[in-house]
Amino acid sequence: MSHHSDQHDEPITPAECRARLLRGEHGRWWLPEGPLEVRGEAAVGRLLIAHGAGAGQDSTFLQRLRAGLAEGGVQTLAIEFAYLQQMRREGRRRPPPRVDRLVEEMVAWCDLLSHPRLPPLWLGGKSMGGRVASLLAARDGAPGLVLCGYPFHPPAKPERLRLDHWPRLACPTLVVQGTRDPFGTRDEVASYALPGSVRLHWLEDGDHDWQPRRASGRSQVQLIDEGCAAIVACMAAQASGHAWPSE
């Protein structure tokens, strides 16, 4: 999504954005809040997806993830936080702001993209984007959460857990995580007391970007496809009122 040329597109108003969504349109649009890319039909559901700390929606990982979800019937609404938009304008890297500021940005996007005549808007994201979504869901509630590579702790700092808000997560929550993720391996996460609303889907030998080692005989594309299938299955189960698929 968010190439520099997007910023020269004619912005649309929030009202026009909602009208396009209600008409079933999708594409890449520019709003006062920033770029938005809507991909796929909402046959299974809709998922607002935020990016990680260092790479935007045009990362290979998120491009492949959103393509796979669209094939499975999940419409993705990809947003970009203001600090990353500023990075693009200035052509230099900068750290993200305090996470509570990102939560407020996501609140604004949720207000803009939600409508009673549209399917419920699940929240989610890659790494930091998923953490922001989980903080918002813990504070205000959400139809559901999809967390791809959740940063349970900073790498090599397993004592600094980012789980204080998790007891307040009441919505269906799916974590799709590589077993070798330095932000939370399978062995580490097994020791955490997670809410009953949380389901874990482990991608064998995947790292933080779901990249397996060559010796595993699998590829990142295969793990992303597996992750997409797990997300689609869980969102479909919730939409139909059925129990979560067993792992």
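This report covers a helix pair and a set of paired strands in a predicted model.

## Basis

The model is predicted, with local features needing pLDDT of at least 70 and side-chain atom pairs counting only at pLDDT 80 or more, while totals for chains, interfaces and linings use all residues. Residues are numbered from 1 along each chain as its sequence is written, and side-chain values use heavy atoms, leaving out hydrogens and water.

Helices (H or I, at least four residues) and strands (E, at least two) are DSSP runs numbered from the N terminus.

Strand β2 spans residues 34-39, and six of its six residues are buried (under 20% relative accessible area, with a 1.4 Å probe and protein chains only).

Two strands pair if DSSP finds at least two bridges between them. Strand β1 (residues 27-31) pairs with β2 in the antiparallel sense over five bridges, and R28 has E37 of β2 as its bridge partner. A hairpin is formed by β1 and β2, with two residues between them. β2 is also joined to strand β4 (residues 74-79) by four bridges, and these two run antiparallel. Here the bridge partner of R39 is T76 in β4.

## Helices α4 and α5

Helix α4 covers residues 99-113 and helix α5 residues 128-140; their axes come within 9 Å and cross at roughly 75°. Axes are lines fitted to C-alpha atoms, for helices over the stretch in contact, and angles run from 0 to 180 degrees between N-to-C directions. The two helices are therefore roughly perpendicular to each other (65 to 115 degrees).

Residues in the contact (heavy atoms within 4.5 Å) include L102, M106 and C110 of α4 and V132, L135 and R139 of α5.

Notes: Angles under 35 degrees count as roughly parallel, over 145 as roughly antiparallel, 65 to 115 as roughly perpendicular and the rest as oblique. Buried means under 20% relative accessible area, exposed over 50%, partly exposed in between (1.4 Å probe, protein chains only).
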